[in-house]
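Have the structure open as you read.

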Amino acid sequence: MDQRKGRRLVLFPLPLQGHISPMLQLANILHSQGFTITIIHTSFNSPNPSSHPHLTFHFIQENLSASEASTDDLVAFVSLLNTKCLVPFRDCLAKLLADVEEEPIACLISDALLPFTQAVADSLKLPRIVLRTGGASSFVVFAAFPLLKERGYFPIQDSKGQEPVVELPPLKIKDLPVINTRDPETLYEIVNGMVDGAKVSSGIIWNTFEDLEESALATLRQQFSIPIFPIGPFHICIPASPSSLLTQDQSCIAWLDKQSPKSVIYVSFGSIAAVSEAEFLEIAWGLANCKLPFLWVVRPGLTRGSDCLEPLPSGFMEMVDGRGHLVKWAPQQEVLAHPAVGAFWTHNGWNSTLESICEGIPMICMPCFTDQKVNARYVSDVWKVGLQLENGLKREEIEKTIRRVMVEKQGEEIRSRIFRLKEKANHCLKQGRSSFESTNSLVTHILSLETFTFHTQ
Ligand SMILES: O=c1ccn([C@@H]2O[C@H](COP(=O)(O)OP(=O)(O)O[C@H]3O[C@H](CO)[C@@H](O)[C@H](O)[C@H]3O)[C@@H](O)[C@H]2O)c(=O)[nH]1
């Protein structure tokens, strides 16, 4: 048999920043293991192939109209992608499989939120492995959606937000991973589709590590009869190739160089979350009033209905002159690794949460939707490596919470706990440790899938 057989993989990410980055990181990890990687990508949010010369890209035309190519209603967007990508994705994959000049494809690796790819893979007799870009703890909650629905937790009643979810400690009802949408039923369909699709796949890859999410991973191993591969944190496994869709403003690094060690609060809410104008103002005043240096990512679209800095109070920049630095998009991993950064005020997207843990930076948690709410509860109550803004966005509470993390004793305790977690994150990638071994198992598993397809063809 040709030595190279089964060493070609096709990867298909969900085209959003928080999903593209981990898929490209996974591509690099698998490439370093000797696999040839082909990425199928939508034309929407397409990464720059010249930044990844070792990967082959194929772009499909999913034909989203201008109004459809919007993440204002994330549920509608993901649902639409699962419909509109079906034909172009199937055609592209079928063409790749039919190309006899190329080596055979061992399997498809696609985002958990693209469950339609399972049916496509099945129809083409190609195994599918799922990449889940969020954490395992939140996935346990998604897997419990039918039960939670049956027991009356949904739709969530705000008045019950502080009550515990008895089936899933330490979650409170307000931590359940939902999101505002025009059509809540579609949310349940997407979540159930993601979980059911993963259950019948040939395995799930997680950007997490055993020491962080041991209990959730054990639960998933019990509930799912397929192999599970926690091989993260991806971004420290291997040097990254640039996957940022927005240009990262490097000016903030020179600004950080001038600040004292651990003095700066870094503020960023990822690539999708949006706040109201009133909330934006509370954030601005909270930062101004805490009297500490801050680096704030004010991304286009962060404030609903207005342009970047428009809603800032007049005189704000003068008041925080020199102490505050604002950018539209930061080189986040570099920022978190900078010695001047003392805390990360985050929305707790899974990538940001992991990046913070890997640099040992305490978090101030402001989850906005879905898995972020579960991640934030784990950060504050389970790993105890951050504090959560629990009572809405009010400038006094923001100021108090920042000071607790940055200057008070509680902050020191958090810092030493997250430092220990950072060590564990680095440790798990060493030979003989959990993520290293899991990566080896994944490689063996993929090669065994290839034997299966080879014999059945
Ligand atoms: O100025 C910035 C801000 C962010 N980032 C990067 O952008 C990514 C953001 O990812 P994440 O923190 O996961 O946030 P989202 O973009 O909101 O991610 C989506 O995808 C995640 C993974 O599935 C989910 O956990 C989130 O809830 C979902 O909103 C990270 O790698 C950051 O390093 C930058 O490079 N520069």
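In the counts below, Ala, Val, Leu, Ile, Met, Phe, Trp, Tyr, Cys and Pro are taken as nonpolar, Asp, Glu, Lys and Arg as charged, and the others, Gly among them, as polar. By that scheme, the lining of the largest cavity has 1 nonpolar, 4 polar and 1 charged residue. Please keep in mind that this is a predicted model.

**The largest cavity**

- How many cavities of 30 Å³ or more does the structure hold? There is 1, and the space in the largest cavity comes to about 30 Å³.
- Its lining is made up of Q25, N207, H235, N351, L354 and E355.
- Helix α14 supplies the largest share of that lining, with 3 residues.

**The ligand and its shell**

- There are 24 residues around the ligand, and those that come nearest are S271, A330, S352, E355 and D371.
- By class, the shell around the ligand holds 7 nonpolar, 15 polar and 2 charged residues.
- How much of the ligand does the protein bury? Taken alone the ligand exposes 700 Å², and the protein buries 96% of that.
- Two or more residues of the shell come from each of α1 (17-32), β8 (264-268), α14 (350-359) and α15 (371-382).
- Among these elements, α14 gives the most to the shell, with 4 residues; α14 also gives the largest share of the lining of the largest cavity.

**The largest pocket**

- The volume of the largest pocket is about 1,400 Å³.
- Its lining consists of 40 residues, and N180, P367, C368, F369 and K373 are the closest to its centre.
- Which element gives the largest share of this lining? Helix α7 (residues 184-199) does, with 3 residues.
- Sorted by class, the pocket lining divides into 21 nonpolar, 10 polar and 9 charged residues.

**Aromatic pairs**

- Across the whole structure, a search finds 17 aromatic pairs.
- One of them joins F269 and W345 in an edge-to-face arrangement, with 5.7 Å from centre to centre and 80 degrees between the planes.
- This pair links distant parts of the chain, 76 residues apart: F269 sits in the loop between β8 and α11 (277-289), while W345 belongs to strand β11 (residues 341-346).

**Backbone details worth a look**

- As background, most residues other than glycine have a negative phi, and most peptide bonds are trans.
- F154 and P155 are joined by a cis peptide bond, with omega at about -10 degrees. P155 is found in the loop between α6 (145-150) and α7.
- Another cis peptide bond runs from G232 to P233, where omega is near -5 degrees. P233 falls in the loop between β7 (228-230) and α9 (234-237).
- K125 itself is in the loop between α4 (116-123) and β5 (128-132).

Technical notes: Residues numbered from 1 in each chain as written. Predicted model: local features only at pLDDT ≥ 70, side-chain atom pairs only at ≥ 80, totals over all residues. Heavy atoms only, no water. 1 Å grid on protein atoms, 1.4 Å probe; cavity = no way out; pocket = protein on both sides within 12 Å on 5 of 7 lines; lining within 4 Å. Points joined across faces, edges and corners; volume = space filled by probe spheres on them. Near = heavy atom within 4 Å. Areas by Shrake-Rupley, 256 points an atom, 1.4 Å probe, with all protein chains shown as cover. Phe/Tyr/Trp six-rings, centres within 6.5 Å; stacked < 30°, edge-to-face > 60°.
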